[in-house]
Amino acid sequence: VTRPQTTQLLEGKKSAAAIREEAAAMVQELRAAGTVPGLALVLATADESAAWYTRAIARAGEKVGIDVRVERLADDASAAVVRSALQRLSADDTVHGIILQTPLPPGVDGVEVATAIAPEKDVDGANPVSIGRLTAGLPAFAPATAAAVMRILDDHGVELTGRRTVVVGRSLVVGKPAAMLLLERDATVTICHSRTRDLAARTSEAEVLVAAVGRPRMLGAEHIGAGAVVIDVGTTPDEDGNLVGDVDAEAVTGHAGALTPVPGGVGPVTTALLLLNTVTAAARAAG
Ligand code: NAP
């Protein structure tokens with residue numbers, strides 16, 4: 001067992017900048033050929049962090065030349081209202097990407113309403129058809145957070161073939177698609193969740209560990225094998241509004257081989273990929 005002296009910080013900044021540059025270059029070409037990539041952000045909540053995240057995507061999108069519009073629905077919008085907004089945007093030729101923000105009003109099932117997003121505009125892989133296609137090995141947009149996990153691993157040259165990987169969390173937006181994408185790359189994948197017995201025993205076997213739970217600092221040194229590559233997807237705001245990851249970074253530094261920071265790891269790459277997916281969708285629509 002090796003005990004590295006230093007834990008490499010897997011920052012997302014460089015990857016995110018490269019993705020945004022790629023998107024901006026594609027936008028220039030598309031605009032020159034008469035297509036303006038359009039992104040619609042659908043918001044049906046008064047939740048502050050959702051509003052903050054929506055503004056962040058909108059600003060980043062405008063910077064790369066995407067025409068961003070925010071569709072603000074009522075906080076108590078019904079499933080029918082959300083669906084009809086998604087259908088209208090799906091039929092709108094000026095919109096190439098659609099993102100449905102969470103949380104949704106009480107009683108609105110996110111997976112059910114996301115079936116109203118046209119798969120070719122489903123840039124955050126929210127429509128279950130997208131997950132189904134991915135699982136079948138067919139082209140589709142992956143949920144951007146799961147795709148961001150893969151992008152960070154790839155940009156840092158982390159080998160996946162045949163390696164023991166553990167994903168903690170099985171949500172449809174992060175854990176499941178991340179596990180599927182890792183499997184697609186020939187990793188040996190274990191998925192853990194709230195009913196997993198002896199979590200530390202499972203996670204400490206991982207050579208590559210993806211934490212997507214949403215419980216601040218729940219994973220400490222006892223959960224992580226010496227030298228493991230750890231991707232921390234968790235982003236829980238603390239009482240001051242600062243984002244805290246699922247991994248206790250202080251406890252695992254000098255033990256883990258590599259770790260993504262929170263903030264500054266998966267988050268910025270996710271946002272950048274949403275933009276690139278939108279531009280890719282626009283390029284496909286333009287033929
Ligand atoms: P979620 O829907 O609440 O899912 C959490 C998962 O964690 C569930 O599968 C749950 O298991 C599992 N879990 C809960 N407690 C556990 C425990 N004690 N031990 C093991 N597993 C446990 O959350 P999510 O939407 O996947 O998001 C996860 C985190 O990622 C959150 O912090 C979220 O804010 C963050 N996130 C970040 C980004 C980004 O771009 N950085 C994007 C999306 C989400 P069960 O299925 O058994 O309940």
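This is a predicted model: local features need pLDDT of at least 70, side-chain atom pairs count only at pLDDT 80 or more; totals for chains, interfaces and linings use all residues.
Residues are numbered from 1 along each chain as its sequence is written, and side-chain values use heavy atoms, with hydrogens and water left out.

The chain has ten helices and eleven strands (DSSP runs numbered from the N terminus, with helices being H or I of at least four residues and strands E of at least two). Its C-alpha atoms fill a box of roughly 55 × 40 × 40 Å along the principal axes. A compact globule of 287 residues would have a radius of gyration near 19 Å, and the chain agrees, with 19 Å (taken over C-alpha atoms; the globule rule is 2.2 Å times the number of residues to the power 0.38). Of the 287 residues, 48% count as buried (under 20% relative accessible area, with exposed over 50% and partly exposed in between, using a 1.4 Å probe and protein chains only). Among contacts (heavy atoms within 4.5 Å) with a separation of 6 or more, 71% come from residues 24 or more positions apart.

Helix H2 (residues 48-63) and helix H10 (residues 266-286) have axes that come within 10 Å and cross at roughly 55° (lines fitted to C-alpha atoms, for helices over the stretch in contact, with angles from 0 to 180 degrees between N-to-C directions). That makes H2 oblique to H10 (under 35 degrees is roughly parallel, over 145 roughly antiparallel, 65 to 115 roughly perpendicular, and the rest oblique). On the H2 side, the contact is made by Tyr-53, Ile-57, Ala-60 and Gly-61, and H10 brings Thr-270, Thr-271, Leu-274 and Leu-275.

Over in strand S5 (residues 164-168) sits Thr-165, which is buried, at a relative accessible area of 1%. Leaving aside residues up to four places away in sequence, Thr-165 touches Leu-182, Ala-187, Thr-188, Val-189, Thr-190 and Val-208.

Most residues other than glycine have a negative phi, and most peptide bonds are trans. The Thr-102 to Pro-103 bond, however, is cis, with omega near 0°, and Pro-103 lies in the loop between strand S4 (97-100) and helix H4 (110-114). The Val-262 to Pro-263 bond is also cis, with omega near -5°. As for phi, Asp-186 has a positive value near 70° and Arg-217 one of about 55°.
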